[in-house]
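The following exercises concern a structure of two protein chains.

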Amino acid sequence: MIYQTHAEAEDVSPPIPILALDGITKTFPGVKALSDVSLSLYPGQVTALVGENGAGKSTVVKILTGIYQPTEGRILADGTETRFPTAQDAADAGITAIHQETVLFDELSVAENIFLGHAPRNRFGLIDWAAMARMSREILDGIGAEIDPGAKLRDLGIANKHLVAIARALSIDARVVIMDEPTAALSHKEIQELYELVEQLKGQGKAILFISHKFDEIFRIADNYTVFRDGQFVGEGKIADVTNDALVKLMVGREVANIFPARPPGRGDVVLEVENYNHPTEFADIGFCLRSGEILGFYGLVGAGRSEAMQALFGITRASGGTIRIDGQEVTIRATADAANNGIVYVPEDRGKQGAIIAMPIFQNITLPSLSRTSHNGFIRLAEEFKLARDFTERLDLRAASLDTKVESLSGGNQQKVVIAKWLATMPKIIILDEPTKGIDIGSKAAVHEFMAELAAEGLAIIMVSSEIPEVLGMSDRIIVMREGRIVAEVAHDDMTPETLVRHAAGIT
Amino acid sequence: MSTTSHHVPDRLQSSLQRRLKSWESLLLVVAVAIFLANSFASPYFLNAWNLSDATFNFTEKAMIAFAMALLIISGEIDLSVASIIALASTAMGAAVQFGADTPTLVAVGLGVGLLAGAFNGFLVTGLGLPSIVVTIGTMSLFRGIAYIVLGDQAYRGYPESFAFFGQGYVWWVISFEFVLFAIVAVIYGVVLHKTNFGRAIFAIGNNPTGALFSGIRVSRVKFILFLLTGLMAGVAAICLTSRLGSTRPSIAVGWELEVVTMVVLGGVNILGGSGSIPGVVIAAFVMGLVTFGLGLLNVPGIVMSIVIGALLISVIALPRLWSYWRRG
């Protein structure tokens, strides 16, 4: 057909967005977080908001949920201008958000968490506990979560907590669902279920704003994309019309090598041997060896016992039996100080709680495990501390106002650099990186990978626990797969494929 | 990584700037103001011997407060300190009945303090119990033992040489206690601000998990802090018993709150993680000056406790207002 009729032309024009931001600017004292950005969310469509850390994604979420007020610009609901003076106003307008770190209450039950603030009432105006339990059950079943609504939240793993957060979002009859890194803590299977859930929500005509650092997810699930860079709007369009590379380029403003650094396989001497390593509940019969200059990947689903085994090696949890040899010498690790003294260090997944002491300055964080070297007879020497901190932060290209700045003021990527710097400063033999690039942007991610390759080339032995298949495949010389607390496979470099990893991890033979 | 590295300066503010804006400088202004007010209010205030007497209002409490400051910065607390004084004093009194000489009495006082601190430390770090509950328990327990031993009796008859600790003067109006207070202040100041151990205390108080993950022996540090607090309570017990010349089971009743007040007034965060010894030193003077000034004006004790209470609440409220000022 050559001529379009008027009616057909109208068909292809986009529907009115349920919610839109138009020319939004948000300034904080001294900082322009957002500058004239626009964003449209359409019914029954998933819009991916793409941008590096610091691009302004979180600020947009806070404006959409009534936590921040825009300095300039308009919020349009169904095409008419509106305002969300408080979070409650945004909730009343049917906007709900599942945050990176959703606020839930450990001491309350799952059902209470789901219905907090909008619990079903009985005719006396009191909470209808039976109805609440029943409705929770329905919602949880609906998302395929096998969680007891009566369980205390604190007894749940992080993945299940996330599912509770999702259930909570669903319990509010929302028109707009904002998902901020919803898959960050989920296992492969749970991510598949989340995708199904998103499809369901789309089918119900809800508008979904999907924020993720993972491109495979974005291409799998999103209909539209909007890209922010440094607080500015740089582009939007249909996912079907864009390639992975083009989107990355839009996002970072430059070409990013989407490949992992090439490096020769580590063939040094064996530095670490672990044999028959056991824990009463978390892992059993762990045995492997690690060479200097090698990157050994640990893959598995969330809860497979990888972090627990690594934390035992680092002296956080006490193993019930087994042998650890470093450079052929048997060592006993009862405390983290023992591990560090023996050259084993651990960069944990949870930077804010475990990795860094965020309320303290950068330099004090970096020197904390190395104080015996920067001090003299137990007395601190600030000049030495600054020197050590400077050496290692420069090497990692840390961006900060000063070394005296508190770590909490840094971005996730820079916080991770502080934690890595802190441990490298101890001159370890073995460094264990637990999800080293989780939640950090693509630019920092590539930098961390490159740096890992550099360290391996210098002869450091690296264990990398990662749940990201591309990362594990791209970085590791060998991969150990764990399932339910045991090592189920050791995959040599030439046999590494996504399929083998997933099959072993899931127990499909 | 990238070869073009950004220059990151060590510090943005000079240490002088930070000192001027610190909590300690505000407190110092308060101390000077109280000093001036006192000297205008009473003609007896500006008298060397009177001022020297006034230091006894705070020296013993302050010595405990230094150890308590470290403990509170690390995120724990010891509410049993006053009861440790009672227990240590009772033990010394009992030792006197067996003819103990002054060195033995000192050893008994310090030893009981250490043992009581070790007991608290074990319950908190060994069994993982919350320190506020543990030390409320041992607060009753330790004083209870003193009451069982003494009932409504008192121990007297301390040797003459023992009186030096609480009544002796080193030079002119400078008492032994004041000198001890100054030495202890310097030691604790150096330990907290100039050693690795002090840095570990701050790290633990800010984030115990993070400190553990940084290779710090968190339980050991906390245990040592309980030991030190017990030890300082023992030191205070020696000084106070020597000054009073007798032991009653009600000795030093209520001191734990005054010690904690002093620590908090000194700018130590009651939730842990921050604070300084100079702050506690100034706070000790402020509290000593207030009590002494009010005493000179014949203000009854009950009003004094109202003033101390008001002081504490304003101190908790002030940092909030203070932070607005600092930002501006």
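Two residues are in contact if their C-beta atoms, placed from the backbone, lie within 7 Å. The model is a predicted one.

**Exercise 1.** Determine which residues of helix 5 of chain B meet helix 7 of chain B, and describe the packing of the two helices.

*Solution.* Step 1. With this criterion, helix 5 of chain B contributes Ser83(B), Ile84(B), Ala86(B), Leu87(B), Thr90(B) and Ala94(B). Their partners in helix 7 of chain B are Thr138(B), Met139(B), Phe142(B), Arg143(B), Ile145(B), Ala146(B), Val149(B) and Leu150(B).

Step 1. Sorted by class, this contact has 10 nonpolar, three polar and one charged residues.

Step 2. The axes of helix 5 (residues 81-97) and helix 7 (residues 131-150) of chain B lie 8 Å apart, at an angle of about 30 degrees. Angles under 35 degrees count as roughly parallel, so helix 5 of chain B is roughly parallel to helix 7 of chain B. The crossing of the two helices is left-handed.

**Exercise 2.** Classify the relative direction of helix 4 and helix 12 of chain B, and state the make-up of their contact by class.

*Solution.* Step 1. The axes of helix 4 (residues 59-73) and helix 12 (residues 218-244) of chain B come within 8 Å and cross at roughly 175 degrees.

Step 1. Angles over 145 degrees count as roughly antiparallel; the two helices of chain B are therefore roughly antiparallel to each other.

Step 2. Residues in the contact include Met63(B), Phe66(B) and Leu70(B) of helix 4 of chain B and Phe226(B), Met232(B) and Cys239(B) of helix 12 of chain B. By class, the contact has 16 nonpolar, one polar and one charged residues.

**Exercise 3.** Is Gly303(A) buried, exposed or partly exposed, and where is it placed?

*Solution.* Step 1. Gly303(A) lies in the loop between strand 13 (295-300) and helix 10 (306-313) of chain A.

Step 1. Gly303(A) has 18 other C-beta atoms within 10 Å, so Gly303(A) is partly exposed.

Definitions and conventions: Residues are numbered from 1 along each chain as its sequence is written. Chains are lettered from A and ligands numbered from 1 in the order in which they are written. This is a predicted model: local features need pLDDT of at least 70, side-chain atom pairs count only at pLDDT 80 or more; totals for chains, interfaces and linings use all residues. Axes are lines fitted to C-alpha atoms, for helices over the stretch in contact, and angles run from 0 to 180 degrees between N-to-C directions. Helices (H or I, at least four residues) and strands (E, at least two) are DSSP runs, numbered from the N terminus. Angles under 35 degrees count as roughly parallel, over 145 as roughly antiparallel, 65 to 115 as roughly perpendicular and the rest as oblique. Ala, Val, Leu, Ile, Met, Phe, Trp, Tyr, Cys and Pro count as nonpolar, Asp, Glu, Lys and Arg as charged, and the others, Gly among them, as polar. A residue is buried if 20 or more other C-beta atoms lie within 10 Å of its own, exposed if 12 or fewer, and partly exposed in between; C-beta atoms are placed from the backbone. A crossing is left-handed if the near helix is turned anticlockwise from the far one by less than a right angle, and right-handed if clockwise.
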